[in-house]
Amino acid sequence: MTTVYSESTTERIPGRAWTVRLQGYSDRSATVTCTTQACRMPPRSKDLPALRAFAARHAAAHARAATVRPNAWCHCGSQRCGAHPDIRTHCAGAVVMILRHDSTVRRVWSVEEVCETCAPLIPHATVLARAARPARSPQRPAATTAPAQVPAAARPAGVAGGFSSPSATPADSTAAPAQRSRRTSRPRHRSGQER
């Protein structure tokens, strides 16, 4: 199997991919192969449902054992976006782990680290996990990292300079309708109209 990613580096590394394939033969038998040479596969067999089930479980095991690396390049982009050739895009966004499996063909399962831009464009792909947000880099001043540790409920509603907070807290959202209801409860008088 694979090892869990534990390094914290900012250097970009190639996105990983594992492919599990069910390969059939003329005598109606099949084998399961994996791109990871160390993986042990069952012997060639004519029990195709059992081999399909094994292949699906094996791909899922690769996905569970691997942690999405936030500094990985998009594997789809490294393959010149061959998984979605009709839609060209620039790789961007956080790294996600996807499982590609066409239930009609039912022969290939791929687990890949790709970018958020490519993931929805790849047919038959399901997002399994997202990369954890990277820690602040050591070059930033310590003062900028302190507010990130404050819980959301303890953040002030306003920002210095009179600007309102870009994200309202639950307390803010409940106070706003009360102010509106007082304003609309007063009768409105227009000049020139009878009462």
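**Cysteines and sheet of a predicted model**

The structure holds 0 disulfides, a disulfide being a pair of cysteine sulfur atoms within 2.5 Å. This is a predicted model, in which local features need pLDDT of at least 70 and side-chain atom pairs count only at pLDDT 80 or more, while totals for chains, interfaces and linings use all residues. Residues are numbered from 1 along each chain as its sequence is written, and side-chain values use heavy atoms, with hydrogens and water left out.

The sulfur of Cys115 lies 3.7 Å from the closest cysteine sulfur, that of Cys118, which is too far for a bond. Cys115 is buried, with a relative accessible area of 5%, and Cys118 is buried too, at 0%; buried means under 20% relative accessible area, taken with a 1.4 Å probe and protein chains only.

We turn now to the sheet. An open sheet is formed by 5 strands in the order S2-S1-S4-S3-S5, with antiparallel pairing; strands are DSSP runs of E with at least two residues, and helices are runs of H or I with at least four, numbered from the N terminus, and two strands pair if DSSP finds at least two bridges between them. Strand S2 (30-34) and strand S5 (125-130) stand at the edges with a single partner strand each, so one side of each is left without a neighbour in the sheet.

Strand S3 (residues 95-101) is joined by 7 bridges to strand S4 (residues 108-115), and the two run antiparallel. Val96 stands opposite Val114 in S4. Helix H1 (residues 48-65) packs on the sheet, touching strand S1 (17-24), S2, S3, S4 and S5, where contact means heavy atoms within 4.5 Å.

Conventions
Axes fitted to C-alpha atoms, helices over the stretch in contact; angles between N-to-C directions. Buried < 20%, exposed > 50% of the residue type's maximum accessible area, 1.4 Å probe, protein only.
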